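Here are my notes for you to read alongside the model.

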Amino acid sequence: MKPSFLPGWVLSLACIAAVLGTPAAAADIELQGRELVVSGMLDGSAIKPFTDHLASGTVRIVVFEDLSGGTADAAGAFADAIRASGVATEIRGQCMAACAYAFLAGKTHRFGYGFQVNGILLPVAARPTAAELAVRWRGEEAHKTLADFTPATASTAGTATAKPVEASVPPAKDNKDARDNWQPEHGVLFTASPTLFGRIYNAYYCDGTQGRDFSKCERLSDADPYKLGVLTP
């Protein structure tokens with residue numbers, strides 16, 4: 001890890017690139033006491049054991065640890081299970097795209113403690129305006145749909161007029177455009193870097209053209225993850 005006196009955004013983006021540069025395996029589920037730790041990728045291969053663990057009533061928090069993404073269908077299934085069980089969620093390391101959507105379904109959702117760099121990339125269908133950012137991830141309804149990823153609502157995503165699409169309902173097989181809207185490297189990236197004086201939070205808009213080089217993302221001002229509802233106290 002680079003020295004902590006480096007600017008927080010440089011440290012965050014370098015660490016995120018290092019994590020995502022490693023090929024991701026299918027989701028790995030491990031029960032650690034009352035924590036259910038999920039790592040790898042949300043590709044749907046571990047949905048059954050995941051929901052079985054939550055149904056047991058022993059899990060209090062789902063920890064997403066260095067997940068590089070996954071599919072929209074898997075994101076909806078994991079989110080449904082988390083929401084139904086009422087558990088909290090936590091990120092340790094990086095949580096991208098599908099992982100980020102599932103993370104928001106937690107009763108409370110926060111970054112983990114420790115000296116690691118934490119980051120979350122929330123998928124979007126289009127660049128959000130400042131007004132859309134202020135409401136996109138706040139409130140219960142914001143967490144319940146995949147409306148951003150259907151052609152009929154992509155232009156109004158984040159507004160009160162967007163028609164909800166239940167997360168548990170996958171796109172129609174003949175609706176290729178809906179699946180194409182799910183781009184794992186296109187979204188709003190929030191990072192938290194450890195320093196000698198506490199954590200530094202930064203936000204970026206990534207249009208997907210940057211690939212894994214997140215230093216090319218546009219830095220956003222006044223995008224505090226707590227104020228926007230991405231993280232809860």
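1. A word on burial before anything else: a residue is called buried when its relative accessible area is under 20%, and exposed when that area is over 50%. Please also keep in mind that this is a predicted model.

2. Let's begin with the cysteines. How many disulfides does the count come to? The count comes to 2 disulfides. Numbering the bonded cysteines in sequence order gives the pairing 1-2, 3-4. As a reminder, a disulfide is a covalent bond between the sulfur atoms of two cysteines.

3. One of these disulfides is formed by Cys95 and Cys99, with the sulfur atoms 2.0 Å apart. Is this disulfide left-handed or right-handed? The torsion about the S-S bond of Cys95 and Cys99 is about -110 degrees, so this disulfide is left-handed. Cys95 has a relative accessible area of 0%, so it is buried. Cys99 also comes out at 0% relative accessibility and therefore counts as buried, the cut-off being under 20%.

4. Cys206 and Cys217 are joined by a disulfide too, with an S to S distance of 2.1 Å. Here the torsion about the S-S bond is about 110 degrees, so the disulfide is right-handed. Cys206 belongs to strand β8 (residues 198-207), while Cys217 sits in the loop between β8 and β9 (218-220), so the pair ties together parts that are 11 residues apart in sequence. Both Cys206 and Cys217 are buried.

5. While you are in that loop, have a look at Gln210, which is also placed between β8 and β9. Is Gln210 buried or exposed? Its relative accessibility is 6%, so Gln210 counts as buried. Leaving aside residues up to four places away in sequence, Gln210 touches Glu185, Lys216 and Cys217. The C-alpha atoms of Gln210 and His186 are separated by 8.9 Å, and these two residues are 24 apart along the chain.

6. On aromatic rings, the count comes to 3 aromatic pairs. One of them is formed by Phe50 and Phe78, a tilted pair at 4.5 Å centre to centre with 45 degrees between the planes. This pair links distant parts of the chain: Phe50 is in helix α2 (residues 47-55) and Phe78 in helix α3 (residues 72-85), 28 residues apart. Phe50 and Phe78 are both buried.

7. The rings of Trp137 and Phe190 have centres 6.1 Å apart and planes at 80 degrees, so this pair is edge-to-face. Trp137 is in the loop between α5 (130-136) and α6 (176-180), and Phe190 is in strand β7 (residues 186-195), so the pair ties together parts that are 53 residues apart in sequence. Trp137 and Phe190 are both buried.

8. The charged end of Arg136 sits over the ring of Trp137, 5.8 Å from its centre. Arg127 lies over the face of Tyr205, at 5.4 Å from the ring centre.

9. Finally, the strands. Strand β1 (residues 28-32) and β2 pair in the antiparallel sense over 5 bridges, and Asp28 stands opposite Ser39 in β2. These two strands form a hairpin with 2 residues between them, and Gly33 in the turn has a positive phi of about 65 degrees.

10. In which sense do β2 and β3 pair, parallel or antiparallel? Strand β2 (residues 35-42) pairs with β3 in the parallel sense over 7 bridges. Across this pairing, Glu35 stands opposite Ile61, and Gly40 stands opposite Leu67. Of the 10 residues of strand β3 (residues 61-70), 8 are buried, so β3 is largely enclosed by the rest of the structure.

Note on methods: Residues are numbered from 1 along each chain as its sequence is written. This is a predicted model: local features need pLDDT of at least 70, side-chain atom pairs count only at pLDDT 80 or more; totals for chains, interfaces and linings use all residues. Side-chain values use heavy atoms; hydrogens and water are left out. A disulfide is a pair of cysteine sulfur atoms within 2.5 Å. Buried means under 20% relative accessible area, exposed over 50%, partly exposed in between (1.4 Å probe, protein chains only). Helices (H or I, at least four residues) and strands (E, at least two) are DSSP runs, numbered from the N terminus. Rings of Phe, Tyr and Trp (its six-membered ring) pair if their centres lie within 6.5 Å; planes under 30 degrees apart count as stacked, over 60 as edge-to-face and the rest as tilted. A charge sits over a ring if NZ of Lys or CZ of Arg is within 6 Å of the ring centre and within 35 degrees of the ring normal. Two strands pair if DSSP finds at least two bridges between them. Contact means heavy atoms within 4.5 Å.
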